[in-house]
Number of protein chains: 4
Amino acid sequence: MMAGVPEPFRHQVRVRYSECDLQGIVFNANYLTYVDDALTELWRAAVPGGYTGMVQSGVDMVVGEANIRYLAPARVDDLLDLVVSVARLGTTGMTLDVAIGCEGRSLTEVTMRYVFVAAGDGGKVPIPDAVRAVLSSKVTSGPGG
Amino acid sequence: MMAGVPEPFRHQVRVRYSECDLQGIVFNANYLTYVDDALTELWRAAVPGGYTGMVQSGVDMVVGEANIRYLAPARVDDLLDLVVSVARLGTTGMTLDVAIGCEGRSLTEVTMRYVFVAAGDGGKVPIPDAVRAVLSSKVTSGPGG
Amino acid sequence: MMAGVPEPFRHQVRVRYSECDLQGIVFNANYLTYVDDALTELWRAAVPGGYTGMVQSGVDMVVGEANIRYLAPARVDDLLDLVVSVARLGTTGMTLDVAIGCEGRSLTEVTMRYVFVAAGDGGKVPIPDAVRAVLSSKVTSGPGG
Amino acid sequence: MMAGVPEPFRHQVRVRYSECDLQGIVFNANYLTYVDDALTELWRAAVPGGYTGMVQSGVDMVVGEANIRYLAPARVDDLLDLVVSVARLGTTGMTLDVAIGCEGRSLTEVTMRYVFVAAGDGGKVPIPDAVRAVLSSKVTSGPGG
């Protein structure tokens with residue numbers, strides 16, 4: 001992959017029956033679970049040791065803020081496409097954009113701000129180098145984003 | 001209650017064991033479930049027939065946008081205080097502020113934008129009068145919010 | 001309470017919107033969450049320090065077997081009554097019967113077998129005395145159950 | 001496939017972070033969600049129109065009884081193997097055995113009894129022919145099970 005060409009991470013999630021509610025659509029909270037799933041898979045695919053390995057090395061992540069725009073509902077059996085890109089990459093935090101769609105239609109836009117912390121509820125820590133390298137390749141906006 | 005004196009709705013939720021994750025804290029998506037729970041209880045307390053009654057009368061609500069600021073984590077056994085106020089009351093939509101705290105500490109601030117729709121996935125409809133009366137008493141900002 | 005008169009523990013749970021599925025009823029897995037909730041509340045009500053205190057003292061519980069008979073569905077807004085009694089109280093394990101009903105109708109019958117273990121995934125340990133005292137008052141069957 | 005040679009259905013599920021609890025293992029209720037997921041995938045793979053198609057044709061399924069034996073815990077990141085076979089195939093009901101394992105180790109054994117009903121909460125109905133054909137190929141025990 002050439003430097004400077006951002007490459008979003010892609011992950012698919014099949015909507016489960018139990019994730020839909022009485023309205024016949026995915027319950028609003030479950031999109032955050034899908035995002036968490038995509039994050040875990042990004043780590044598994046690109047960070048040696050994966051998310052669990054990072055935690056065992058002493059670094060964990062907490063969510064600082066989540067923003068979800070619901071454009072159209074997902075339904076049971078939908079195979080969702082999650083496209084993850086990095087909107088901002090700071091020293092101890094990052095902001096992810098996660099676009100959730102299905103068969104080319106945009107369903108939900110999620111923005112997540114994460115903070116890297118010492119595992120076991122400690123204070124902020126710098127993003128580990130191996131993680132930063134992965135995230136850098138997925139930055140979609142300019143420096144400082 | 002005097003006209004013009006906003007009165008937020010208060011609801012309590014006990015954190016369940018199954019709602020906490022490997023970090024020892026409530027998983028980020030579950031706050032939206034608590035908010036949904038508080039909303040249902042507001043309807044039960046104040047709207048004749050409750051939420052189910054409103055749906056049976058042909059009006060339902062969908063979430064347009066959710067914003068969650070995570071200030072401090074909730075933990076198992078915490079008895080959460082949810083304080084619901086109306087930040088904006090429009091013709092077919094409203095915006096709620098939900099402050100989630102525990103023992104006086106602020107844990108999470110949630111802003112939810114809802115749209116009233118015809119039950120069964122229809123288009124936007126005006127907020128029913130009985131619902132508007134309830135919401136009006138909980139508006140915290142000026143007209144137009 | 002007289003010795004020898006078993007007194008089941010009672011707990012109420014309100015069915016949440018998000019716990020119901022496309023069939024319009026509570027999703028089958030969620031009854032185990034209700035049972036877990038009732039168990040936590042029994043500990044909170046009767047065991048000094050509650051469940052968390054027991055874990056901090058070095059003793060935890062794991063589920064060995066669960067059996068659920070679904071007699072009739074629970075629905076959104078239902079206020080469920082859970083009645084917990086002890087069917088068998090052994091040295092390192094116990095079996096609970098949890099009857100779940102609503103407005104006098106029996107909805108679900110759950111039997112759970114638990115094993116007491118050293119906290120942190122250790123081996124079997126005897127039931128702590130304070131816990132045994134509580135459970136003994138709720139045994140519904142004869143010795144050895 | 002030769003007649004008489006039962007062929008269990010196999011499905012894989014990756015354990016999500018949010019599905020694990022404070023004990024560091026999958027929360028006990030979530031195995032029923034995995035089973036439901038496997039069932040949906042079996043229908044998708046083998047029944048024309050899938051589960052949703054069956055419901056639209058007027059036939060739905062409800063759970064009559066669930067039994068779960070927890071042998072060893074599943075953990076975050078585990079890729080679970082679910083092996084579904086039919087223990088009993090009746091006129092309006094069936095019993096499934098679902099063995100859940102990971103990397104060759106057996107973790108959980110689940111037995112589910114389902115009843116076929118008229119969609120929309122109706123009474124028992126015969127198993128549709130297309131479904132019966134699929135299930136017949138997965139019966140592991142003798143006639144009458």
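Q: How many bridges join E4(C) to strand E5 of chain C?
A: In this predicted model, strand E5 of chain C covers residues 105–118 and runs antiparallel to E4(C). One pairing within this arrangement sets C:Ala99 opposite C:Glu109 in E5(C). The number of bridges that join E4(C) to E5(C) is 10.

Q: Which residue in the turn between E4(C) and E5(C) has a positive phi?
A: E4(C) and E5(C) form a hairpin, and 2 residues lie between the two strands. In that turn, a positive phi of about 50° belongs to C:Glu103.

Q: Which residue in E4(C) does C:Asp81 stand opposite?
A: Strand E3 of chain C, residues 79–89, pairs with strand E4 of chain C, residues 93–102, in the antiparallel sense over 8 bridges. These strands, E3(C) and E4(C), form a hairpin with 3 residues between them. Across this pairing, the residue in E4(C) that stands opposite C:Asp81 is C:Gly101.

Q: Which element gives the largest share of the side of chain B that touches chain A?
A: The contact joins 15 residues of chain B with 15 residues of chain A. On the side of chain B, helix H1 (30–46) and strand E2 (59–70) each supply at least two residues, and the residues of this side divide into 6 nonpolar, 6 polar and 3 charged. The largest share, 9 residues, comes from E2(B).

Q: What is the bridge partner of A:Asn67 in E2(B)?
A: Strand E2 of chain A, residues 59–70, is joined to E2(B) by 5 bridges, and the two strands run antiparallel. Within E2(B), the residue that partners A:Asn67 is B:Asn67.

Q: In chain B, which residue has the C-alpha nearest the axis?
A: Chain B is superposed on chain A by a rotation of 180° with 0.0 Å of shift along its axis, at an RMSD of 0.0 Å. The two copies are therefore related as by a two-fold rotation axis. In chain B, the C-alpha nearest that axis lies 2.2 Å from it and belongs to B:Asn67.

Q: Which helix gives the most to the side of chain A that touches chain D?
A: This contact takes 11 residues from chain A and 11 residues from chain D. Helix H1 (30–46) and helix H2 (50–56) of chain A each supply at least two residues of the side that touches chain D, and by class that side has 2 nonpolar, 5 polar and 4 charged residues. The helix that gives the most, with 4 residues, is H1(A).

Methods:
Residues numbered from 1 in each chain as written. Chains lettered and ligands numbered in written order. Predicted model: local features only at pLDDT ≥ 70, side-chain atom pairs only at ≥ 80, totals over all residues. Least-squares fit on C-alpha atoms with pLDDT ≥ 70 in both. Contact = placed C-beta atoms within 7 Å. Nonpolar A, V, L, I, M, F, W, Y, C, P; charged D, E, K, R; others polar. Pairing = 2+ DSSP bridges.
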